[in-house]
Amino acid sequence: MVDETLSQSRDWSFPAHFFWETKTAPIKSVEIEQIQMVAEIRNFHVMQLETLKDLYIHELKDLHSAEKQLTKALPKMAKAATNERLADGFRLHLDQTQEHVNRLEKILESHDQSTRGPKCKGMEGLIEEGSEMIEEDAEDEVRDAGLIAAAQRVEHYEIAGYGCARTYAELLGDSQGAKLLQQTLDEEGATDKKLTELAKTLINIKAQ
Ligand SMILES: [Fe+2]
Ligand SMILES: [Fe+2]
C-alpha cells in the first residue's frame, strides 16, 4: 500500500531542471529517491514497472506514440493555418518531428526494445482539442491564434516528457540516449519560443 500520509507530506513536484535546461544541474540523491518513489507509486496504480529502467522504456514508448500521432496532426494544422509563417512553422516542425521519431526508435533499439506500447492518451487529447480549433467557425486570425495555443500545449507536454526521459537516461548511464533526448528537447523548446514570438508579433495583435 502507498502510505497516504507520506504522499501528503512530500513535495512531489520535480525541480525545474528535470524538464528543460541545456545544462543540467547535478542531480541530488534526494531527487533520485523522489524519482524512484514516483516510479513505485505509478507502478502500484497502473503499470507493471519494477525499475527505473522499466519506467525509462515506458516513457520512450509513450513519447514515440505521441510523436507518431503528431506527424499525422501537423499537416492538418499547417493546412488550417491562414498565416503563411505559421503554416511554414508547422511544416518545419513536421520535419523535426519525424526526426524525433527516428531518435526514439534509435534509443529503443539500443535497448533491444520495440516501439510497441499503449497509445499516448495525453497527446490524443491535445490533438483532439487542436482539431476542434481547426473546425471552429472563427475569423482567420482568431483561428490562427487558437492553433498557436493548441500547438504550444503540445510543445509543453513534449518538453515535460523529454525532460523526464533525458533525466532517466542520465541516471541510468545511457549517455547516447540522454544526448539524443536533449537534442529533441532543445528543438521542442525552440519551437515553443517561435510560437510565442509569432503569437505576439502577428496573430494576437490582429485578432484584437
Ligand atoms: Fe517532437
Ligand atoms: Fe514538438
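What share of the contacts in the protein with a separation of 6 or more comes from residues 24 or more positions apart? The share is 73%, where two residues are in contact if their C-beta atoms, placed from the backbone, lie within 7 Å.

This is a predicted model, in which local features need pLDDT of at least 70 and side-chain atom pairs count only at pLDDT 80 or more, while totals for chains, interfaces and linings use all residues. Residues are numbered from 1 along each chain as its sequence is written, and chains are lettered from A and ligands numbered from 1 in the order in which they are written.

**Figure 1. Overview of the helices in the protein.** The protein contains seven helices and zero strands, giving the pattern α-α-α-α-α-α-α along the sequence. Helices (H or I, at least four residues) and strands (E, at least two) are DSSP runs, numbered from the N terminus. Among the 208 residues of the protein, 33% count as buried. A residue is called buried if 20 or more other C-beta atoms lie within 10 Å of its own, exposed if 12 or fewer, and partly exposed in between, with C-beta atoms placed from the backbone.

**Figure 2. The pairing of helix 5 with helix 6.** Helix 5 (residues 121-135) and helix 6 (residues 140-171) have axes that come within 9 Å and cross at roughly 175°. Helix 5 is therefore roughly antiparallel to helix 6. The axes are lines fitted to C-alpha atoms, for helices over the stretch in contact, and angles run from 0 to 180 degrees between N-to-C directions; angles under 35 degrees count as roughly parallel, over 145 as roughly antiparallel, 65 to 115 as roughly perpendicular and the rest as oblique. On the helix 5 side, the contact is made by Gly122, Met123, Leu126, Glu129, Gly130 and Met133. Their counterparts in helix 6 are Arg143, Gly146, Leu147, Ala150, Arg153, Val154 and Tyr157. By class, this contact has seven nonpolar, three polar and three charged residues. Here Ala, Val, Leu, Ile, Met, Phe, Trp, Tyr, Cys and Pro count as nonpolar, Asp, Glu, Lys and Arg as charged, and the others, Gly among them, as polar.

Figure 3. Helix 5 has 15 residues and spans 21 Å from its first C-alpha to its last, close to the 21 Å expected at 1.5 Å a residue; the expected span is 1.5 Å times one less than the number of residues. Glu135 counts as exposed because it has 9 C-beta neighbours inside 10 Å. The C-alpha atoms of Glu135 and Ala80 are 8.8 Å apart in space, and the two residues are 55 apart in sequence.

**Figure 4. The loop between helix 4 (84-110) and helix 5.** Asp112 lies in this loop and has a positive phi of about 55° although it is not a glycine. Most residues other than glycine have a negative phi. Asp112 counts as exposed, since it has 6 C-beta neighbours inside 10 Å. Pro118 is found in the loop between helix 4 and helix 5 as well; Pro118 is exposed, with 10 other C-beta atoms within 10 Å. Pro118 and His58 are 60 residues apart along the chain, and their C-alpha atoms are separated by 9.1 Å.

**Figure 5. Helix 6 and helix 7 (residues 175-207).** Helix 6 has 32 residues and reaches 46 Å from its first C-alpha to its last, close to the 46 Å expected at 1.5 Å a residue. Ile159 belongs to helix 6 and counts as partly exposed because it has 19 C-beta neighbours inside 10 Å. Ile159 and Glu187 are 28 residues apart in sequence and 9.4 Å apart in space, C-alpha to C-alpha. Just after helix 6, Gly173 takes a positive phi of about 75°. Gln176 lies in helix 7 and is exposed, with 11 other C-beta atoms within 10 Å. Gln176 and Ser110 are 66 residues apart in sequence, with a C-alpha to C-alpha separation of 9.4 Å.
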